[in-house]
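Subject: The structure for you to look at

Hi,

Here is the structure I promised to hand over. Please open it and keep it beside you while you read the notes below.

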Amino acid sequence: MAKEQGQPIIVWLRHDLRLDDNPALAHAAESGRPVIPLFILADANAPVRPYGSAHKWWLHHSLKELSASFGKLGSRLVLRRGDAFAVLEDILSKSGATAVYINRRYGPEASRVDGELESRFNCVDIQCFEAALLHDPDQVKTGSGGYYKVYTPFMKSVSAGLHSYRHPIDPPSGLAAPEHFPLSESLDTWGLLPTNPNWAKGFQSEWIPGETGAQERLSYFCDELLAGYEEGRNKPSEDLTSRLSPHLHFGEVSALRALTTAEETAHRRKSIPDNDRQTFRRELIWRDFNHHLLYHFQNLATDNFNHRFNALKWREATGDLKAWQTGRTGYPIVDAGMRQLWQMGWMHNRVRMIVGSFLTKDLLIDWREGEAWFWDTLVDGDEANNTSQWQWIAGTGADAQPFFRIFNPIKQSQDFDPEGDYIRSFVPELSKLPAKAIHAPWEADGATLDEAGVTLGETYPRPIVDHKEARDRANAAFQATR
Ligand code: FAD
């Protein structure tokens, strides 16, 4: 025991790039032993899903900030690239560390790697903590001992135990340093930022990756946007949601901290309506639900949750897929969403549903194509949320309702972007169209189009499918799997 006092603990950080409410780090700090904070960039051939391109941009900035934060604590974030086991073995042997502390991951490959740690390093003290979710997936069970496959009963079940959340843990005030820090690589040599072309130019003005950015956004959201959130979250043209998703994905803020801050703000400022507070809580619970689904159904990213839909005949339509990816389908709300994604690395939730329905129903293209594109282009691309939500919108998921979830892109556009402001922000070639024409420009008369400088098929595409025909085709294809 006395000997252990001086032996370092490695805190291996992954989706928990923060000091605040970080149980693995807090327990290591409390021990008084030297701490080696470590981040490992997995090899391209590692058994975990590689980062998407937009993730890499985010990760670069997030790690840069985290390194500075550890510096302020008198510590150092060690950056290494390679096979995780080989890196750990090297650091364990060279630093004399006798313990590795981690926060738990839920994806299939990641949890397999974490599960193997004890057998690989059997003389090392491996300690695993809960940090990412509000509810441990092993603890939430249905009456018959299974897991929830539908959100509403899941939400009702977990809501009963809300009072029992632990309090978020404050960041450590200092960290004991080892005699020598292990060798660290330079972040700049990792080539995480796009250069030629720099397609992430637009991200810089939209986001502040890192823990400080996460905390600032959380405070701003709670102070300015929480009141009115329930209604505001359905207006894609305005910045009325928390935009915490990439921060939560990279673990720059914990879901527990986000929830607690929102609840405390609502408690303090009585003017925040209860429905707004509750809606935000429900969204964070959706996030938990998706993680629980992934944890219990580990092939969520690749297999239809409902096997019935394995028989579905998806279309192979490269041209249509490309039109969708590049925002050139001829449906303004869909194109605006896909261009927002490209410009910001993020898309409003309502529009994610619209473009998801359009891909899987109107174009009858496999949801896995959409999931992969989102994974590569979203800064918040998340193994649990992305796969679960794609299956949800495709209707192949846990609560399969493919026939009800065929969104009419024109009606959605009229309902959720009535003045066309969202469309105008991202599809400038339509910006001069009046509200009544902007949702379906092919229905506008020639004079209106001329006045707005729109020539269909030239300045803006004609629709690549007719929605009514496409809806019937999708219905028939889904029906055929019965
Ligand atoms: P807010 O409205 O402020 O919500 C707060 C938080 O709650 C979010 O940050 C998020 O963590 C969680 N949340 C909100 N809505 C959902 C939801 N429907 N499912 C799960 N969690 C939710 N979210 C991701 O984080 N990563 C993804 O890869 C992702 N892919 C999606 C793909 C499709 C097809 C669809 C329809 C939705 C997807 N979502 C994904 C869910 C949702 O669109 C985003 O979480 C939300 O738009 C993020 O913006 P926000 O942080 O401002 O959300």
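Let me start at a boundary between two parts of the protein: between domain 2 and domain 3, the count of salt bridges is zero. Please keep in mind that this is a predicted model.

What does link the two sides, then? Eight residue pairs are in polar contact across the interface of domain 2 and domain 3, with both residues at pLDDT 80 or more. On the side of domain 2 that touches domain 3, the elements giving two or more residues are H9 and helix H11 (274–296). H11 provides the largest share of that side, with six residues.

To place these parts, the domain assignment gives domain 1 (4–130), domain 2 (133–163 + 210–296) and domain 3 (307–479). Note that domain 2 is written as two stretches, 133–163 and 210–296. The centres of domain 2 and domain 3, taken over C-alpha atoms, are separated by 26 Å. In terms of contacts, 19 residues of domain 2 meet 23 residues of domain 3.

The size of an interface is often given as the accessible area lost when the parts come together. For domain 2 and domain 3 the buried area is about 1800 Å², and carbon and sulfur atoms give 58% of it. Of the area that domain 2 buries against domain 3, Pro236, His249 and Asn290 supply 31%, more than any other three residues.

Now have a look at leucine 248, which sits in helix H9 (residues 245–249). Is leucine 248 buried or exposed? Its relative accessible area is 10%, and the cut-off for buried is under 20%, so leucine 248 counts as buried. Setting aside neighbours within four places in sequence, leucine 248 is in contact with Val253, Ser254, Ala255, Leu284 and Arg287. The C-alpha atoms of leucine 248 and histidine 15 are 8.6 Å apart, although 233 residues separate the two along the chain.

Last, the cysteines. A disulfide is a covalent bond between the sulfur atoms of two cysteines. How many disulfides are there in this model? The count comes to zero. Take cysteine 128: the nearest cysteine sulfur, that of cysteine 123, is 20 Å away, and the cut-off is 2.5 Å, so cysteine 128 is in no disulfide. Cysteine 128 is partly exposed, at 44% relative accessibility, whereas cysteine 222 is buried, at 1%.

Enjoy exploring!

Best wishes

Notes. Residues numbered from 1 in each chain as written. Predicted model: local features only at pLDDT ≥ 70, side-chain atom pairs only at ≥ 80, totals over all residues. Heavy atoms only, no water. Helix = DSSP H or I, 4+ residues; strand = E, 2+ residues; numbered from the N terminus. Buried < 20%, exposed > 50% of the residue type's maximum accessible area, 1.4 Å probe, protein only. Contact = heavy atoms within 4.5 Å. Domains from an automatic or database assignment. Buried area = accessible area lost by both parts, 1.4 Å probe. Salt bridge = Lys/Arg side-chain N within 4 Å of Asp/Glu carboxyl O. Polar contact = N/O pair within 3.5 Å; in protein donor to acceptor, adjacent residues only side chain to side chain.
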